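Good morning, and thank you for making time for this item.

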Amino acid sequence: SPPTRPPSGMFGQHMRTQSSRTSISLSRSSMQGGPQLSAALIIPGLETIAESKEAKKNPALLQAAQKALDLCKGNEAYSQPRAILEPLRLGCETHSEKLVIPALDLLAKLVSHSFFFEQSSPEGQPPLADLIAHVITMSYTENSSPAVGLQVVKALLSLVLSSTLLI
């Protein structure tokens, strides 16, 4: 028999409760005219990374996740997109499925919502689009699960379709 869906009232109520908990929004300055992005999109993924066993074993990952969380909570995430990318990169480098999947999922969402934007790359640093492409592609190995493969495809698709990142 086909799977059943929860009654729409229950699902809608859950979503309202969850979305009302976090009302922080991240926005670029009005000078840049960028979109607003709710921290509810970013914070859960970063918390998953920060609370993982891998983060407890890897101080650089834990520190990067905490810094990104602080930037989001302080409404400064847009000013430092590379700092938001760093815990995602480090999470993908672990090749732990429990960390790679949420990291790639968040990365794809951020790319789709035009979060990553830089006027120009810092001197001596590759463009943000190149870094993101590298993070995504290095996440997949011949031993990766189909779930990781799916997230890689979704993240690459969001990158290719991005209007703010040129690859």
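The protein has eight helices and two strands, where helices (H or I, at least four residues) and strands (E, at least two) are DSSP runs numbered from the N terminus. Along the sequence their order is α-β-β-α-α-α-α-α-α-α. This is a predicted model, in which local features need pLDDT of at least 70, side-chain atom pairs count only at pLDDT 80 or more, and totals for chains, interfaces and linings use all residues. Residues are numbered from 1 along each chain as its sequence is written, and side-chain values use heavy atoms, with hydrogens and water left out.

Of the 167 residues, 37% are buried, meaning under 20% relative accessible area with a 1.4 Å probe and protein chains only. In helix 2 (residues 39-50), the buried residues are Ala39, Ile42, Ile43, Gly45, Leu46, Ile49 and Ala50.

Let me turn to a pair of helices. Helix 5 (residues 81-93) packs with helix 7 (residues 128-138) at an angle of about 20 degrees, their axes being 9 Å apart; axes are lines fitted to C-alpha atoms, for helices over the stretch in contact, and angles run from 0 to 180 degrees between N-to-C directions. Helix 5 is therefore roughly parallel to helix 7, a label for angles under 35 degrees. Contact, meaning heavy atoms within 4.5 Å, involves residues including Leu85, Leu88 and Cys92 of helix 5 and Leu131, Ile132 and Val135 of helix 7.

Finally, the cysteines. Cys92 is buried, because its relative accessibility is 0%, and Cys72 is likewise buried at 0%. The whole structure contains zero disulfides, defined as pairs of cysteine sulfur atoms within 2.5 Å.

Notes
Buried means under 20% relative accessible area, exposed over 50%, partly exposed in between (1.4 Å probe, protein chains only). Angles under 35 degrees count as roughly parallel, over 145 as roughly antiparallel, 65 to 115 as roughly perpendicular and the rest as oblique.
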